[in-house]
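Let's walk through this structure together, beginning with a pair of helices and ending in a loop. Please keep the 3D view open as you read.

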Amino acid sequence: MSLSPSPRQLLLGAILVATSLIATTTLAEEPRSRLDVQAEAQLDVIPDRATLSARLWERTPAIAQRDDTANDPDALREARDRLETRAATLIRTLEEAGLEREAIGAGSLNVQPEYLPGERHGGDDRETLVRTRLERPFRVEIEDLERLPLLLDALTEAGVDALDGVTYDLADRDAATDEALVQALERARRKAELMAETLGVSLGAVTGIAETRPPVYAPRMMAMSADARESAPQAEYRPGTITIEAGVSVSWEIEPQP
């Protein structure tokens, strides 16, 4: 007479079969050898546009600091009228130099007090004087760098009070950062091929890619003294280059060469 296996025996048999399959799968998925490579690239690009930053300001007369005279409305109005007249002249001068109105940015009016030491009145007592400074910032966008000296001369002719410098930039930043990343990846592959050939192995599929240094683009700034702007040689206006760095880490499977 044959006996049917009990539920306990069936469960035990299933566990043994499953254990055998797991062991076989584990052996089949044993990690393969790999090659990890890190590489960096440095891309030097020549800027193709620039921004000039300048400021105009006017001041009210300095008077003794008193609550009833610290803000003379007539003096403020006169200073603002002078400032707006000079701002209009600046814009007109830049337009006459060939710049489009859309390329000239005039910032909002900034008003702030300035405190000055006055005369001594015996002992260590010194009266404090106060005046108000009214300032307008300007930004000039230049898409043709060959015109930079001409526009600097136009700013000088308009009598700017401060020329804060030149910021060099790129019209297409994304293309430059993409190129830096591509160069880093190409360098990683060249390194991997050289290492594999030297060690007598073959490169397989790529198993992992990561950035170790994301490409960062930063406009290049060149400071410029307002006092020296008239005597600065044209060579000083040359933009030089902007450096973009990128870094990657790439992993390949490797196999012994046949």
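Two residues are in contact when they have heavy atoms within 4.5 Å. Helices (H or I, at least four residues) and strands (E, at least two) are DSSP runs, numbered from the N terminus. You are looking at a predicted model, where local features need pLDDT of at least 70, side-chain atom pairs count only at pLDDT 80 or more, and totals for chains, interfaces and linings use all residues. Residues are numbered from 1 along each chain as its sequence is written, and side-chain values use heavy atoms, with hydrogens and water left out.

Start with α2 and α3: L90, T93 and L94 of α2 meet L151, A154, L155 and E157 of α3. These contact residues comprise five nonpolar, one polar and one charged (Ala, Val, Leu, Ile, Met, Phe, Trp, Tyr, Cys and Pro count as nonpolar, Asp, Glu, Lys and Arg as charged, and the others, Gly among them, as polar).

Now follow α3 itself. Seven of its ten residues are buried, meaning under 20% relative accessible area with a 1.4 Å probe, protein chains only. They are L148, P149, L151, L152, A154, L155 and T156. Their cover includes β2, α2, β6 (126-142) and β7 (162-169). Just after α3, G159 adopts a positive phi of about 75°.

Finally, visit T60, in the loop between β2 (49-59) and β3 (63-64). T60 counts as buried because its relative accessibility is 9%. Leaving aside neighbours within four places in sequence, T60 is in contact with A75, L76, A79, R131, T132 and L134.

Key
Buried means under 20% relative accessible area, exposed over 50%, partly exposed in between (1.4 Å probe, protein chains only).
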